[in-house]
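Me: I'd like to learn how to read a structure like this one. Could you walk me through it?

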Amino acid sequence: MSFEPVVRLADATRVHGDGPQAVHALKGVSLEVAAGELVAVMGPSGSGKSTLLNLAGGLDTPTSGSVTVEGTPLTSLTDKERAALRRRRVGYVFQDLNLIPSLTAAENVMLPRELDGVRAGRARREALQALAEVGLEEPDRFPDELSGGQRQRVAIARALAGERRLLLADEPTGALDTPTGDDILRLLRARCDAGAAVLLVTHESRYAAWADRVVFLRDGEVADTTEAELETAR
Amino acid sequence: MAIRQGLLALLSRGPRYGYQLRTEFEASTGATWPLNIGQVYTTLSRLERDGLVASGDQDDQGRVVYSITEAGRTEMERWFSTPVAQSDRPRDELVIKLAMAVAAGAEVRPVIQAQRAATMRTLQRLTRTKRASTDGPAQTLVLESMIFQAEAEQRWLDHCEAVLAASPQTQEKQA
């Protein structure tokens, strides 16, 4: 496993507007997520969680500081290059599932890969593999034929299909009951153990507790970080 | 303490030796309430005195089998059907600490944040145990109970922080 983190924010600041009306959404946040790591971000609304996730995924750029994904500094890229890196390297999972209702589970997972120029045959093979990895046994069903938990599995498969290993998850358990939410975290944890890097935004501590590290944001700054205790060798 | 009723519940599945009861009690509660064998025999002799269990004759190894009586079954059913009263739980030091911090005009936010980080570490440890657990559903339920309690504490801390941040009294102090 390489020591280079999959994503690194260094002293990242994001200011919206300027002058007296300027809003400091994020103030000098540094954060790294390595392959195999699950990092959770907690904080009240307005604390900068979404800004942090948007910066990490290249949906937004920092006012100062830097964001590096898989060794590539995002600030050095043109918008077009950034969009390409986002498509190839970063997967997203949201609370609202954003699956396309008229496409099957497998087709939903294939779509971003096909948009990226991967041929249909290969995209389907990758999709079936990704769906098998998340334990979905009905790849040809449509989203409304699946349960909420199964649909979220499809979204996770889509996020990690191909060569992507950075997964940004924004309240992925939002609409799920606790056993199903736990299943989703168990799955994210398993994908981490298989080499993915997961940055999870959640307001529920029971899900954050699955992380190796929990970062508490307050007013755009890191207020505290807790590491999971190292397992003692027995 | 629920040891009496816990032993009755185990005996309701059939006669048991004392040491068996101890093993099964700990297996069901994930060793959250370790029992020593002395407690088990003391409790059994009180249950016998109260007519809730009956003991058999000693076998050639000196072991005695205990079984539940009809009165014992009634007691166990009464226990299962009676909710636990909120007031039976001990007073919570954290609640008193935060109330006193507010009353004394101390800075409450660091107290909340320190507690939140500590409780999160506990939650992370419990979740690791849950992930690694291959034990039966009884033990998992006990773990889940501790997870839900820690989670409730976190939610209460978030609530306290939000309420205090919005209160003009505490805002003055933080400014």
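Reply: Let's begin with pairing: two strands pair if DSSP finds at least two bridges between them. Strands (E, at least two residues) and helices (H or I, at least four) are DSSP runs, numbered from the N terminus. Keep in mind that this is a predicted model, where local features need pLDDT of at least 70, side-chain atom pairs count only at pLDDT 80 or more, and totals for chains, interfaces and linings use all residues. Residues are numbered from 1 along each chain as its sequence is written, while chains are lettered from A and ligands numbered from 1 in the order in which they are written.

Me: In which sense do β6(A) and β7(A) pair?

Reply: Strands of a sheet pair through backbone hydrogen bonds, either parallel or antiparallel. Here β6 (residues 90–94) and β7 (residues 166–170) of chain A are parallel, with five bridges. One of the pairs to look for is V90(A) with L166(A). As for burial, a residue is buried if 20 or more other C-beta atoms, placed from the backbone, lie within 10 Å of its own, exposed if 12 or fewer, and partly exposed in between. By that count, four of the five residues of β6(A) are buried.

Me: What is the strand order in the open sheet of chain A?

Reply: Four strands line up as β2-β1-β4-β5 in chain A, and their pairing is antiparallel. β2 (23–33) and β5 (72–73) each have a single partner strand, so one side of each is left without a neighbour in the sheet. Two bridges connect β4 (residues 64–69) to β5(A), and V69(A) has T72(A) as a bridge partner.

Me: Which helix lies across β1(A), β2(A) and β4(A)?

Reply: For angles, axes are lines fitted to C-alpha atoms, for helices over the stretch in contact, and angles run from 0 to 180 degrees between N-to-C directions. Contact between two residues requires their C-beta atoms, placed from the backbone, to lie within 7 Å. The helix is α1 (residues 49–56) of chain A, which runs at about 125° to β1 (7–16).

Me: Is V134(A) buried or exposed?

Reply: V134(A) counts as buried because it has 22 C-beta neighbours inside 10 Å. Its place is the loop between α4 (120–133) and α5 (148–160) of chain A. Leaving out residues up to four places away in sequence, V134(A) touches R153(A), I156(A), A157(A) and L187(A). The C-alpha atoms of V134(A) and I156(A) are 7.5 Å apart, across 22 residues in sequence.

Me: How many residues does each chain bring to the contact between chains A and B?

Reply: Chain A gives 13 residues and chain B gives 15. On the chain A side, α7 (205–208), β9 (213–218) and β10 (221–227) each supply at least two.

Me: And how is chain B built?

Reply: Chain B has eight helices and three strands, in the pattern α-β-α-α-β-β-α-α-α-α-α. Its radius of gyration is 23 Å, well over the 16 Å that the globule rule gives for 175 residues, so chain B is more spread out than a compact globule. That radius is taken over C-alpha atoms, and the rule is 2.2 Å times the number of residues to the power 0.38. The C-alpha trace spans about 75 × 35 × 25 Å along its principal axes, and 21% of the residues of chain B count as buried.
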